[in-house]
Amino acid sequence: MTIKHHLNEKLLMSYAAGILPEAFNLVVATQMSISDEARARLASYEAIGGGILEETEKVEMSPNSLQDVFNKIKSAKTKKFNAPKMVEGVFPEPLKKYAGKELGSVKWKNIGRGVKQSILKTDSDASARLLYIPAGTAMPNHSHNGLEMTLVLKGSFHDEKDLFKRGDIEIGDQDLHHNPTASNDGPCICLVASDASLRFKSIIPRLLQPFFKI
Amino acid sequence: MLDLPDYINQDFEVPNRYSMIPLCSKGILSKVIIKNEINSADHWAKCILSVSSEKDEEAFSSLFTHFAPRIKSFLMKSGTGAVTAEECAQETMVTVWHKAHLFDPTRAAASTWIFTIARNKRIDAARRNNRPEPEDLPWGNDPEPDASDIIIIQEETTLLAQAVKDLPSKQRSIVERAFYADLSHQEIADETGLPLGTIKSRIRLALQRLRHNMK
């Protein structure tokens, strides 16, 4: 699948280095599962890690470590590590562990004007949720205190800048004030991760914010 | 510099010749490789393939001897205590054995693949939570592996490692600290002009190569 909006180099490096909070890891891993091009981009940054590992000076392992490892290998319950299959469903493999097998199994909560969300359980450094936006509906205009990643899973949305389709990621930060609107041809379902609450421009969504954990 | 003829030779002869060859001309590429049978960059990849196909304990032992002490060191630099680092390094090698059949040498160098496993063990150990693991996913297309593709992917990583080493010390330190988890993603984001400098072109070449292998 050809996607247009990729992660920037800083986020690729942060993911490759393993320093993103779990919620962002989930978004990145999900995008990687949708697009080979995205995986290739990531892999080129992970190669830095391979190089650094290769250049790291050795620290001696404990004397029996190799034997210990062979023992662990042999005593392991022959757990077969099968590669997960690439599936064409809405939820790529990494997301299924968080959101359930399919769209139908998601427990949505209405948050007004037909917009629904489902909070996913991750560690508390950042939060992740699924968002359902009915066709043609706009999200309240907001900006961000921290970093926000929005990955389109189904349908599409547009904001002042561009159109975002399945596999596209929009990166929101302090500089982005936007008003994402689902396209008219169907609902848009997104996976959103954020490490700070949003700043809504109008007072009503701001008052509701604590109740909806957005 | 004068007493480093081997390094100069290697850096100019092999890699530059690779990078000047159009990516599509596989035929020419393999001839060059046959001519220069000095490549050992794919040695570790071959070891992983032997573990996968023949449960080759000897190949695994040599992988262990080479990588385990480096993984332990890498983890200790990432702030992991010696005991946990030893444990994680062992766990990483156990996973290398069990997941050897998922290693795709046309997509990653041996060191890169092992790095991603060690990185995930570090995250698991630190956070005790699940990490989404996209690296287990097969890639979209699965073309027949080509020996030259394998060698070049391994070689690109060696060159990238060299380029990181050659960065001015301040830049190098930022890249290394990111990978040693000594910087947060906010700190990376706040770096004006991520100091990838000269390694950027290497990253781009690695990406071109991966794209080529995806075709």
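## A threonine to start with

Which helix of chain B does B:Thr92 lie in? The answer is helix H5, which covers residues 82-99 of that chain. Keep in mind that this is a predicted model.

Is B:Thr92 buried or exposed? It's buried, with a relative accessible area of 0%. Leaving aside residues up to four places away in sequence, B:Thr92 touches B:Ile71, B:Ile114, B:Ile117, B:Ala118 and B:Lys121.

## Where the two chains meet

Now for the contact between chains. Chain A brings 65 residues to it and chain B brings 78 residues. The area buried between chain A and chain B comes to about 6500 Å², and carbon and sulfur atoms give 65% of that.

On the polar side of the count, there are 17 residue pairs in polar contact between chain A and chain B, with both residues at pLDDT 80 or more. As for who supplies the chain A side, five helices each give at least two residues: H1 (9-17), H2 (22-34), H3 (36-55), H4 (65-75) and H5 (93-99). The largest share comes from H3(A), with 18 residues. Sorted by type, the residues on the side of chain A that touches chain B split into 32 nonpolar, 11 polar and 22 charged.

## Salt bridges across the contact

How many salt bridges does a search of the whole structure find over all chains? That search gives 17, and the count between chain A and chain B is 7.

One of the pairs is B:Arg211 with A:Glu37, whose closest N and O atoms sit 2.6 Å apart. This pair crosses between chains, running from helix H10 (residues 199-214) of chain B to helix H3 of chain A. Is A:Glu37 buried or exposed? A:Glu37 is buried because its relative accessible area, 18%, is under the 20% cut-off. B:Arg211, on the other hand, is partly exposed at 28%.

A second pair is B:Lys77 with A:Glu57, and here the closest N and O atoms are 3.2 Å apart. B:Lys77 lies in helix H4 (residues 57-77) of chain B while A:Glu57 is in the loop between H3 and H4 of chain A, so this pair joins two chains as well. Both ends are partly exposed: B:Lys77 has a relative accessibility of 36%, and A:Glu57 has 47%. Another pair to look at is B:Glu57 with A:Lys74, with the closest N and O atoms 3.1 Å apart.

## A salt bridge within chain B

B:Arg177 pairs with B:Asp182, and their closest N and O atoms are 3.0 Å apart. What do the accessibilities look like for B:Arg177 and B:Asp182? B:Arg177 comes in at 33%, so it counts as partly exposed. B:Asp182 is partly exposed too, with a relative accessible area of 44%.

## Chain A, overall and strand by strand

Chain A has 6 helices and 11 strands. Of its 214 residues, 56% count as buried. If you take contacts in chain A between residues at least 6 apart in sequence, 67% of them join residues at least 24 apart.

Strands S7, S6 and S9 of chain A form an open sheet in the order S7-S6-S9, with antiparallel pairing. Which strands are at the edges? They are S7 (163-164) and S9 (181-182), each of which pairs on one side only. S6 (residues 157-158) is joined to S9(A) by 2 bridges, and A:His158 has A:Thr181 in S9(A) as its bridge partner.

Elsewhere in chain A, 4 bridges join strand S5 (residues 148-154) to S8(A), and these strands run antiparallel. Across that pairing, A:Leu151 stands opposite A:Ile169 of S8(A). Which way do the residues of strand S8 (residues 169-172) point? A:Ile169 and A:Ile171 point one way, and A:Glu170 and A:Gly172 point the other. All four of these S8 residues are buried, A:Glu170 included.

Notes:
Residues are numbered from 1 along each chain as its sequence is written. Chains are lettered from A and ligands numbered from 1 in the order in which they are written. This is a predicted model: local features need pLDDT of at least 70, side-chain atom pairs count only at pLDDT 80 or more; totals for chains, interfaces and linings use all residues. Side-chain values use heavy atoms; hydrogens and water are left out. Contact means heavy atoms within 4.5 Å. Buried area is the accessible area (1.4 Å probe) that two parts lose on being put together, summed over both. A salt bridge is a side-chain nitrogen of Lys or Arg within 4 Å of a carboxyl oxygen of Asp or Glu. A polar contact is a pair of N or O atoms within 3.5 Å; within protein, one must be able to donate a hydrogen and the other to accept it, and residues adjacent in sequence count only if both atoms are side-chain atoms. Ala, Val, Leu, Ile, Met, Phe, Trp, Tyr, Cys and Pro count as nonpolar, Asp, Glu, Lys and Arg as charged, and the others, Gly among them, as polar. Two strands pair if DSSP finds at least two bridges between them. Buried means under 20% relative accessible area, exposed over 50%, partly exposed in between (1.4 Å probe, protein chains only).
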